[in-house]
Amino acid sequence: AIVTFHPQELGHEALAAQKALLKEFFTRGPGTACALTSLYFQESTMTRCSHEQSPFQLLHGEPHIFEEVLGLKFRISPDAFFQVNTGGAEVLYQAVGELSQAGGDTVLLDICCGTGTIGLSLARRVSKVIGVDVVEKAIEDARWNAAFNGVSNCEFHSGKAEAVLPDLLSSWEDARPLVAVVNPSRAGLHYTVVRAIRNCKSIRRLLYISCKPEGEAMRNFLELCCPSDPGKKLAGEPFAPTLAIPFDMFPHTVHCELVLLFTR
């Protein structure tokens, strides 16, 4: 659990008192019913901010939680993305593996990789995995997860995809097949990322995982599939949407995770 706390005008001592009360509530009070293994505190004037903006402070328990997916063990930091529906995630990742048609000579590009779940779950069937994520702690987790599970053909890069990917793909000369999997936030992919994917001739297959396909992701779909446009520096051959599969990751809600396969 992470308690996000607006500090208002409280001083150091008053904040320390609030932390002590929270710890007492969850370790000795009614909150013990939650059986928390990790309790974090974060001072923030926003509803959500990163560890770099305001550090997560461990009040009780272990610094990480652990989950098992498809026979692999994953370490998860407070601000690292991880699908909350673990059983659903297994079904989702298995489908991604089948749709990718990745073989032993394939390089898998895992964009917005989080703790490395998709890349690591497919690592044994591909030649190499390259993961990118903006959350530094998530990349630390991904590297730890690879080492712990004995997976040696993965490399993970910390940074914004729009900063890392263009350089990576513009100089791509590897003859091996390149398959991309993207799993962005609701805000979708930065235009620079879409352009880098479009302009990389080696990517013939793209899997787009979206939790809100009717939102900003729709802009990405149009950018991926529109005709070449020199004015927008979209020189690469357009993709075509081939298949869409919904996954009910959020039972009893109207939301659905959607996996779209784009090919060219």
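Author: Let's begin with a pair of residues: Y208 stands opposite L260, which belongs to strand β12. This is a predicted model, where local features need pLDDT of at least 70 and side-chain atom pairs count only at pLDDT 80 or more, while totals for chains, interfaces and linings use all residues. Residues are numbered from 1 along each chain as its sequence is written, and side-chain values use heavy atoms, with hydrogens and water left out.

β12 covers residues 257-263. Strands here are DSSP runs of E with at least two residues, and helices are runs of H or I with at least four, both numbered from the N terminus. Two strands pair if DSSP finds at least two bridges between them. β10 and β12 run antiparallel and are joined by six bridges. Strand β11 (residues 240-247) is also antiparallel to β12, with seven bridges joining them; there, A240 has T263 as its bridge partner.

Now, how enclosed is β12 by the rest of the structure? Seven of its seven residues are buried, so β12 is largely enclosed. Buried means under 20% relative accessible area, exposed means over 50%, and partly exposed lies in between (1.4 Å probe, protein chains only). Both faces of β12 are covered, with E257, V259, L261 and T263 on one side and L258, L260 and F262 on the other.

The largest one has 37 residues, and L120 and F156 touch the most other members. β12 is one of the elements that each supply at least two residues of this core; others include β5 (72-76), α3 (117-122) and β8 (154-158). The largest share, six residues, comes from α2. Apart from this core lies another, of 30 residues, with L260 among them, as well as V107, W172 and L189.

What does L120 touch? Leaving aside neighbours within four places in sequence, L120 is in contact (heavy atoms within 4.5 Å) with residues including L72, F74, A142, C154 and F156.

Stepping back, the chain has seven helices and twelve strands. Of its 264 residues, 46% count as buried. Along its principal axes, the C-alpha trace spans about 60 × 40 × 40 Å.

Technical notes: Core = buried A, V, L, I, M, F, W, Y, C linked by side-chain atoms within 4.5 Å.
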